[in-house]
Amino acid sequence: MKAAVFHKIGDISVDNVDDPRIEGAEDIIVRVTSTAICGSDLHIYNGFFPQLKDMIMGHEFMGVVEEVGPAVTKIQKGDRVVVPFVIACGACFFCSHNQHAHCETTNPEMYGPEGHLTKGKGGGLFGFTDMYGGYSGGQAEYVRVPMANTGPRVIPEELTDDQVLFLTDIFPTGWSAVRWAKVKPGSSVAIFGSGPVGLMAQKAAWLNGAERVIAIDPLDYRLEKAKSINNAEILNAKDEHLMDKIREMTDGRGVDCAIDAVGMEADRTFMDKVKAVVNLEKGSCEVIEMCIEAVRRGGNVSVVGVYGSNYDNFPIHQIFEKGLNMRFGQAYVQKYIDELFRIVQDGKVTLNDIITHRLPLSDASRAYDMFKKKEDDCVKVVLTP
Ligand SMILES: NC(=O)c1ccc[n+]([C@@H]2O[C@H](COP(=O)([O-])OP(=O)(O)OC[C@H]3O[C@@H](n4cnc5c(N)ncnc54)[C@H](O)[C@@H]3O)[C@@H](O)[C@H]2O)c1
Ligand SMILES: [Zn+2]
Ligand SMILES: [Zn+2]
């Protein structure tokens, strides 16, 4: 089959590889009909998450079930399914506490309680390096999906791929961000990053009753997207009066809830880059600091942008002084996906309005380059095998 294979930093090509086969009793094989490129894929492409061996990319995918393992009870051959990016067993301590991203069984080589930089990682993820189980991803014609009784959800024919594809990751991620930031009716919310995840968080903020949704990004075309599809108020991240403006909009206090939907690959100045080299840091935590600055005293910050490094001079004092609640991590897709599916099915939200580019899987290499460089006003790319 054909698949988008990561070879080394900046090098993803579409290669012929072996077809996947059933390996475990709860596996299924899915023929992929749609798959998307995520900001998280860029951390691998750009070398922020190391991967030494070739690996099939992709954790946002859906398709039709071609084969089922002997212990699969919830899915049948021919079903059309969306697949959460988190691989979880459904039975361990964390799965039974609805914290599937911490599944104790799906990343046997690297899992552990420590959560250190190179050991003691979380549960398995599709196409997300050997640190997260080394699973082949779904930017391919076919993909093996383990633990099929816990992850995949069957989708009725009347919904198109575009309507439901983002239930695999970014809509549950935006939703997790909003729930973790305790957004409730009347809340003011600042969302840093207006990429796919930020745009989904904006939708989720409105659905959770927010009164003001403020989108912040350095790229004007992404802010225009936030305004046109999500009716967000917009501010440019490079505006030197950004924090003053946020406080002016919120009676001088700052927002109730701030969300980091950017992560460690935020735009950086030359001095930031020098500091990172000196301190052995990857990227920067500038956006977490912006969230801490923008939120009101006693407010809530949630961080779904991904970090793979420690940082010196992190403003612990300011967090203490302002008395903040903070929450970080991989989204809990399995926890929210059914509730979010119903919201989509009931027509209460549109997810596919973020798609700007549709390309054949064979163009994956070009698609990565364009998404990384934010060329051609690219926001979200869907690949079709
Ligand atoms: N926690 C999870 O479960 C989860 C799931 C999916 C994605 N993610 C992460 O979410 C992040 C965003 O993903 P994406 O697909 O939207 O990526 P993306 O790269 O398309 O979007 C990031 C956006 O942040 C903007 N940005 C850069 N510096 C900024 C700053 N200082 N202030 C405000 N905005 C700034 C960029 O211009 C861009 O629009 C990534 O780190 C990704 O890995 C996390
Ligand atoms: Zn993703
Ligand atoms: Zn588990």
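Let's start with Lys-374, which is partly exposed, with a relative accessible area of 30%. Keep in mind as we go that this is a predicted model. Where does Lys-374 sit? Its place is in the loop between α12 and β18, the strand at 381-384. Lys-374 comes after helix α12, and its phi is near 50°, a positive value in a residue other than glycine. Why point that out? Most residues other than glycine have a negative phi.

Asp-377 is found in that loop too, between α12 and β18. The phi of Asp-377 is near 50° as well, again a positive value in a residue other than glycine. And Asp-377 counts as partly exposed, at 45% relative accessibility.

Back to Lys-374 for a moment. Which ring does Lys-374 lie over? It lies over the face of Phe-371, at 5.7 Å from the ring centre. Phe-371 is one of the buried residues of α12, together with Ala-364, Ala-367, Tyr-368 and Met-370. When you look at a list like that, here is a handy thing to remember: an α-helix has 3.6 residues a turn, so residues three or four places apart point the same way.

There is another charge over a ring to look for. Arg-327 lies over the face of Trp-180, at 4.0 Å from the ring centre.

Now pick out Tyr-368 from that buried group in α12. Tyr-368 forms an aromatic pair with Tyr-45. The two ring centres are 5.2 Å apart, with 45° between the planes, and that makes the pair a tilted one. Tyr-45 belongs to helix α1, residues 39-45, and Tyr-368 to helix α12, residues 364-373, so this pair ties together parts that are 323 residues apart in sequence. Are these two tyrosines buried or exposed? Both of them are buried. How many aromatic pairs are there in the model? The count comes to 9. Elsewhere, ring pairs link Phe-49, Phe-128 and Tyr-132 into a cluster.

Let's move on to how helices pack. Two packed helices are described by the angle between their axes and the distance between the axes. Take α4, residues 170-180, and α5, residues 196-207: they pack at an angle of about 55°, with their axes 7 Å apart. That is why we call α4 and α5 oblique to each other. The contact involves residues of α4 including Phe-171 and Trp-175, and residues of α5 including Met-200 and Ala-204. As for handedness, α4 passes α5 in a right-handed crossing.

Helix α4 has another partner, α11, residues 333-345. Here the axes come within 9 Å and cross at roughly 105°, so α4 and α11 are roughly perpendicular to each other. On the α4 side, the contact is made by Phe-171, Pro-172, Trp-175, Ser-176 and Arg-179. On the α11 side, Val-333, Tyr-336, Glu-339, Leu-340, Ile-343 and Val-344 take part.

One more helix: α9, residues 286-294. Its buried residues are Val-287, Ile-288, Met-290, Cys-291, Ile-292 and Ala-294. What do they pack against? Their partners are the strands β11, β14, β15 and β16, and the helices α7 and α10.

I'll finish with two loop residues. His-100 has its place in the loop between α2 (93-96) and β8 (124-125), and at 7% relative accessibility it counts as buried. Leaving aside neighbours within four places in sequence, the contacts of His-100 include Val-86, Phe-94, Thr-150 and Tyr-332.

Ala-25 is in the loop between β2 (11-16) and β3 (28-36). Ala-25 is partly exposed, with a relative accessible area of 39%. Not counting residues up to four places away in sequence, Ala-25 touches Gly-69, Pro-70, Ala-71 and Val-72. And how far is Ala-25 from Phe-126? They are 101 residues apart in sequence, and 18 Å apart in space, C-alpha to C-alpha.

Terms used. Residues are numbered from 1 along each chain as its sequence is written. Chains are lettered from A and ligands numbered from 1 in the order in which they are written. This is a predicted model: local features need pLDDT of at least 70, side-chain atom pairs count only at pLDDT 80 or more; totals for chains, interfaces and linings use all residues. Side-chain values use heavy atoms; hydrogens and water are left out. Rings of Phe, Tyr and Trp (its six-membered ring) pair if their centres lie within 6.5 Å; planes under 30 degrees apart count as stacked, over 60 as edge-to-face and the rest as tilted. Helices (H or I, at least four residues) and strands (E, at least two) are DSSP runs, numbered from the N terminus. Buried means under 20% relative accessible area, exposed over 50%, partly exposed in between (1.4 Å probe, protein chains only). A charge sits over a ring if NZ of Lys or CZ of Arg is within 6 Å of the ring centre and within 35 degrees of the ring normal. Axes are lines fitted to C-alpha atoms, for helices over the stretch in contact, and angles run from 0 to 180 degrees between N-to-C directions. Angles under 35 degrees count as roughly parallel, over 145 as roughly antiparallel, 65 to 115 as roughly perpendicular and the rest as oblique. A crossing is left-handed if the near helix is turned anticlockwise from the far one by less than a right angle, and right-handed if clockwise. Contact means heavy atoms within 4.5 Å.
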